[in-house]
Amino acid sequence: MAAPLLEEIKQTAADISGIVRVMEVCGTHTVAIRRSGVHSLLPENILLVSGPGCPVCVTPTSYIDNALHLLETTKATVVSFGDMLKVPGSDGRNLAGYLGRGRVRMVYSPSELLPIAQDSAGEVVFLAIGFETTIPTVAAAFLQARRAGIENLYLYTAFKTVPPALRVLLDSPDRNLDGFLLPGHVSVIIGEQPYRFLEERGGVPGVITGFEPLDLLQGISAVLKQIARGEQRVENAYTRAVRPNGNPKAREIMERLLEPVDALWRGFGRIPASGLALGRAFREADAELHFSLPPLYNVEPPGCVCARVLQGRVLPTECTLFGKRCTPETPVGPCMVSSEGTCAASFRYGDLEP
Amino acid sequence: MSISERITLEHGSGGALSRQLTEQLIYPILKNDAYGELADATPFQIRGRAFITTDTYVVDPPFFPGGDIGTLGIFGTCNDLAVCGARPRYLTMGLILEEGFLTADLRRVLESVRAAAEQVGVLVISGDTKVVPSGKGGGIFLNTTGVGEALGDHLLSVNNIREGDSVLVSGPVGSHGLAILASREDLKIGATLRSDCAPLFPLCEALYALGGKLRFMRDATRGGVAAVLNEAVAENRKCGMEIQETAFPISGTVAAASDLLGLNPLEIANEGVMIAVVAPEAATEALSLLRSFEAGREACRVGVANGRYPGRVILETAVGGRRILDLPRGLLLPRIC
Amino acid sequence: MCLAVPMKIVTILEDGKALVKQDDLETEVDLTLIEDPKVGDYVIIHAGYAIDLLDLEEAEERLKLFQAMEEAG
């Protein structure tokens, strides 16, 4: 079933002169495109560039340092999604080293936080990272914990929202992007409205895209068609999952618990109103406040150009450290660390001449 | 005097309690004709060329759907012998128990060891037991060293692989690692995920009869089939492999669970699956041989060795794209991102 | 950041949870984020939570579209 879509893509690409750069924002898209082999099927003038939609990649290293600090100086249990456990802090140590000793627990779902907190005598701190797909699940779990009378659960929040980062990319003076593949599951929550600014003057087309191989091809075809015709719309190619108004109930739960704050993105620096933190009524559960954790800061390892890779300006293969000093086993920067990072995906799935 | 409910440090110290544990629990379960008495060493005979292998099992949790550390300890080591073209004959078993380990659980493991050994037709003829203070082990660690007899003179090796050879897989992939992950993390992912832990010797013996047309076999344990395929091409520098993603048998349950956890079935450990590389003209016969066994029922051809990209495994994806199938890296942790 | 899969609700449990199924795989998820879920609905699961319903009509339409494309091509 892929053949007709591929044909469409080939024909549309042939109608466009020059190189077309489409940014796929979401880390899961980065991996899906390469893992499915769609990457290898695209015409030569179509360049898919990865963006900053990898929550692990855009979390500053100092966040891990602070989590390790918590483990060393308090008796708190640190709970995290699997994705964060292998990320090295500034001195190269990671949280996975603490798994066997019971101080660090891995969860697949935030709903596991309730029994963990209930069974713990001491403080339980959850490493709350993620974009709008994940944030409602953490919010729901935390509110459930509150209702159950649990008082020893703390959130160390580093939640981020996607549209502000897209805006930064769009407004950047030397931007070189012709269109976006917009994150399908973030859009399930937020709907189409937050992307409307793409339709303003100076914007580019954006297509909400799913993750199956056919979804990827459909999304790519749609954005190419818009580019070829000079259109500039927010389009939904994932209609079976994304409603125009997203999921209002999920957003209401987020708003009940959280409020917008400025956030520090690795690679981008501080982006105003791009993060979410605990609202006033819940601030005593904020780990950063409760444990007086040092504020986050960004420091890039020497030679690392992840900041520019995350913005889609540099391809992994153009980084001098890629594949040499920087590999999935010995990552230097965040793009190689995360299983969804642009550089990790490029390294693992390869840029092959078929 | 009966054995205490839990293992203590004294059970590993070589004194009276050690003797009691061996004589009253371990030896009665494992004794056989070749293990006639509890001596420091056991004599045995092997015909022709001998193969030896050792493996240590530290699986956590020790009991999981489809098996336990005892089953693994026997099948795993015997499979290592089998894929090298050797009939497993004798095993030793070293146990390291954590203080406080339940004696009833030890009995369960020993029963599994006995049953598995019987199934393979192998004899456990020597053993050792140590006990460590609690906090130093995951309850139970097990080492088995296995000795086998060569089935014939033909030595299997990755260096036998030539361009055009067929790459076969013996059965559905991804079960074992997922079963362990689900039970360890208490992932509430239903009881349908079971380890595929099984003895491969009968399949290996059948394929060995193909003589020189059988190039190489390896069981796809840690790192799954992706690891085996990569190891094969890394050592044999003349060839690479082209593999079809859709050719691998994968149960619906494994596919659904790996989707849910963000994992790739080709990278997940198995304990009852192997890769075999055969001459192209022997592929049909090899598949027919494999399929005559329960464990090989779903055997199929998944790809071909070729010279185009030596040292690399290229995957043709479901939509006809191509990408590298890399060596799995790092810990197997579920993703949500 | 967005790994999510569709599964079908087979049983609605107490305290806002449900049993969902895909092939032989059954797992428990939280329905707090879903408005008015029913047995037989398909939901998209992320990190143990259903994050929205799947629109089966849209899914069918899409499938028909692909099939038509295939026949035409």
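These legends go with close-up views of a predicted model.

Local features here need pLDDT of at least 70 and side-chain atom pairs count only at pLDDT 80 or more, while totals for chains, interfaces and linings use all residues. Residues are numbered from 1 along each chain as its sequence is written, chains are lettered from A in the order in which they are written, and side-chain values use heavy atoms, leaving out hydrogens and water.

**View 1. Where chain C meets chain A.** Chain C brings 26 residues to the contact and chain A brings 41, with contact meaning heavy atoms within 4.5 Å. Together they bury about 2,900 Å², 61% of it on carbon and sulfur atoms; that's the accessible area (1.4 Å probe) lost on putting the two parts together, summed over both.

**View 2. A salt bridge between Asp52(C) and Arg243(A).** Their closest N and O atoms sit 2.8 Å apart. Two salt bridges are counted between chain C and chain A, each a side-chain nitrogen of Lys or Arg within 4 Å of a carboxyl oxygen of Asp or Glu.

**View 3. The cis peptide bond at Asp60(B) and Pro61(B).** Omega comes out at about 5 degrees. Most peptide bonds are trans. Look for Pro61(B) in the loop between β1 (50–57) and β2 (63–64) of chain B; strands are DSSP runs (E, at least two residues), and helices are H or I runs of at least four, numbered from the N terminus.

**View 4. Positive phi at Ser292(A).** This non-glycine residue has phi near 50 degrees. Ser292(A) lies in the loop between α11 (287–290) and α12 (306–310) of chain A.
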